[in-house]
Amino acid sequence: MSTTSITIQPIRIPASLESRYAEDFVASSELSNLVTGLLWGNNDLWVSPAVRLEGARPNDYEQSLLWAAKDGDRHVGRAVLEMTKQDNLRSAYVHVMVHPGFRRQGIARELLRTAEASAQDHGRRVLQSYSEHPSDFDPDAADVLRPRTGTGSLPGNSAAVRFAQSHGYELEQVERFSVLGLPADAAKVESLEAQAAAKAAGYRLLVWEDTCPEEFVDQYALLRQRMSTDVPLGEIDYEEEAWDRARVRQGEEELRRKGAHTLVVAALHLQSGELAGHTFLECYPEKPDVVYQEDTLVLHAHRGRSLGMLMKAHNLLRVGELWPEGQRLLTWNAAENEHMLAINVALGFVPAGYEAAWQKRLGDRA
């Protein structure tokens, strides 16, 4: 398949970065880092080819397919198709990007067409994607696009917005991308933790690094499963994920292969002995200045007791002790998740941009 002089080719996922097929995978990874860095004006979202490779390897729970758009030997575009194997079997995630110097040539259209056709071949009929948008626009301007949730907005003249809409994708949700400078204001965070602890009588915090204690792994799997649907999703077609202890351990092992470390805090309900919620942070030694705030969840039966603030504040105070090189903490939250956004603002997070969640339903082939 070609568009002008551009060819669209599948990328093999190599056994290692030293194997004969690794060159294309590495080049595609470098293109992704280049395009993302140019968009944000920094390398905070840089991911090494080694880490990408570990994430792309097929396992019992998901698989990834990749394509390259090449001008001769040069990688100028890429497409990724990700599909789960245990749940959400009618859905797939697709993402395309093109080097700024090669845009407006139909390359993204061909990459998307290729990935969508593969999704259909795998029986997937609901496609989800995302686009990223720095906060350099007026969110209340007359020409902004709002999701079906009604909360949040995107610049209507964005090339990414126009591309998604022109290919049948609907804007379902907008997430706020926020950043907190590290080290955090310890006095403020300690005060917020103390206030939250006063409202959380009957709970005890559990903390661990990298590996969940065996006695709690089944309950932790339930928290990870509920995280897939108990957060605001708008009209995104997404079923509850299937988590068990094997999936928890597989995820921990994958993070170890990536060289990543996690700091986890869970809230234990003393009367019932069940885990009521959790939060965790993630960091990669290859880029120690950036820390990621991942899941934060409190089960419905335990909400209203400031457990979210308690867990997040406690974990934030641990970062300075355990990961002293961290300079920025990044997080993403649905724009309509007012409660979690309020917690983040109180802790000191400031908006840096937005991420759009797009969805398209495919028709059956003739």
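Mentor: We will take the cores and then some backbone details.

Mentor: This is a predicted model, where local features need pLDDT of at least 70, side-chain atom pairs count only at pLDDT 80 or more, and totals for chains, interfaces and linings use all residues. Residues are numbered from 1 along each chain as its sequence is written, and side-chain values use heavy atoms, with hydrogens and water left out.

Trainee: Which residues touch the most other members of the largest nonpolar core?

Mentor: Ile107, Leu111, Leu154 and Trp358, in a core of 33 residues. A nonpolar core is a set of buried Ala, Val, Leu, Ile, Met, Phe, Trp, Tyr and Cys residues joined through side-chain atoms within 4.5 Å. Buried is under 20% relative accessible area, exposed over 50%, partly exposed in between (1.4 Å probe, protein chains only).

Trainee: Which elements give two or more residues to it?

Mentor: Among them are helix H3 (107–121), strand E7 (170–181) and strand E13 (350–361). H3 gives the most, six residues. Helices (H or I, at least four residues) and strands (E, at least two) are DSSP runs, numbered from the N terminus.

Trainee: Different topic. Which residues does a cis peptide bond join?

Mentor: Leu182 and Pro183, with omega about 0 degrees. Pro183 lies in the loop between E7 and helix H5 (186–198). Most peptide bonds are trans.

Trainee: And what is phi of Arg104?

Mentor: Near 65 degrees, a positive value in a residue other than glycine. Arg104 sits in the loop between E5 and H3.

Trainee: Is Arg104 buried or exposed?

Mentor: Arg104 counts as exposed, at 81% relative accessibility.
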